[in-house]
Amino acid sequence: MGVGDPVLFLHSGFSRGILAFASQMLDFQRKYTCYFPDFRGHGRTRCDSLEWSTPLHVEDIAEFMDRLHINKAHVIGYGMGGGVALHLAVSHPHRLVSLTSIGQCGFVAAKGSEEFEPEWLIQNGRNDFIHSMKERHMDAHQGNWQEFLRAKIKDWRTYPQLNDDELRSITCPTLLIAGQYDELAPKEDLERVTALISNSRYSIVSGCSHRPHMSGENPVFVNDTILDFIAQYS
């Protein structure tokens, strides 16, 4: 969508491109060409294998850019997508003009993951969430929501897995955004990662949770913050 320098949006673990960034579409396409791919195993992306992980996503995104002849892009990731973006900046540094990570600092933060185990969901009657996973990712996993969630939990508990030297190796301008009450991206983690990445800074969105860029939280502030940031490098 849109016209201008490319901006690549990478969605979170339970979501897909057009859902995770619904509140960004209108504002960003006014100035940029925006891409909202669904990762392997998610949304409408089909693959014979149901296996997926952050490292596979990184290589898929690099190939996605090759196929669409995108040499470099501003990359914006949310949650798991932020982890993919950070890994991409380490392994394919020449592909990023800038990096924005929402709700993700580059460290494993598995708190709460047990509540998304298939057995827990069934035992606790979370049929609404189960239905949403079936519906949201039907094309990708053909209704095998349990296999999808097991892959998600494994990835959540394993990645992003970046050490201090890898974080120091990131050279592109980097912005980290987190809600004030985001337990998965606390202030101390934001301070730690921005101390390691030389050209980086963070922004805490007052009164918000893990999804400050979404409707019902503060997407106007988040959009303005990111647009001001990437405009410096466009």
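The largest pocket in this predicted model has a volume of about 670 Å³. A pocket here is an open set of points on a 1 Å grid over the protein atoms alone, where a 1.4 Å probe fits, with protein on both sides within 12 Å along at least five of seven lines. Its volume is the space filled by probe spheres set on the points, which are joined across faces, edges and corners. In the lining of the largest pocket are 33 residues, and Phe14, Tyr78, Trp156, Leu184 and His210 lie nearest the centre; lining residues have an atom within 4 Å of a point. Helix H1 (17-20), helix H4 (80-91) and helix H8 (145-158) are the elements that give two or more residues to this lining. Helices (H or I, at least four residues) and strands (E, at least two) are DSSP runs, numbered from the N terminus.

The second largest pocket has a volume of about 200 Å³. Its lining consists of Glu51, Trp52, Ser53, Glu147, Arg150, Ala151, Lys154, Asp155, Thr158 and Tyr159.

Backbone geometry is considered next. Most residues other than glycine have a negative phi, and most peptide bonds are trans. The peptide bond from Tyr159 to Pro160 is cis, with omega near -5 degrees; Tyr159 also belongs to the lining of the second largest pocket. Pro160 is located in the loop between H8 and helix H9 (164-168).

His69, in the loop between helix H3 (54-67) and strand S3 (73-78), has a positive phi of about 55 degrees. His69 counts as exposed because its relative accessibility is 73%; exposed means over 50% relative accessible area with a 1.4 Å probe, protein chains only. Gln142 likewise has a positive phi, near 55 degrees, and is found in the loop between helix H7 (138-141) and H8. With a relative accessible area of 58%, Gln142 is exposed.

UniProt, in an unreviewed entry, lists residues 7-223 as "domain: AB hydrolase-1"; such annotations may be inferred rather than shown by experiment. This span is 41% helix and 15% strand, and its end C-alpha atoms lie 13 Å apart.

Residues are numbered from 1 along each chain as its sequence is written, and side-chain values use heavy atoms, leaving out hydrogens and water. Local features need pLDDT of at least 70 and side-chain atom pairs count only at pLDDT 80 or more, whereas totals for chains, interfaces and linings use all residues.

Terms used. Buried < 20%, exposed > 50% of the residue type's maximum accessible area, 1.4 Å probe, protein only.
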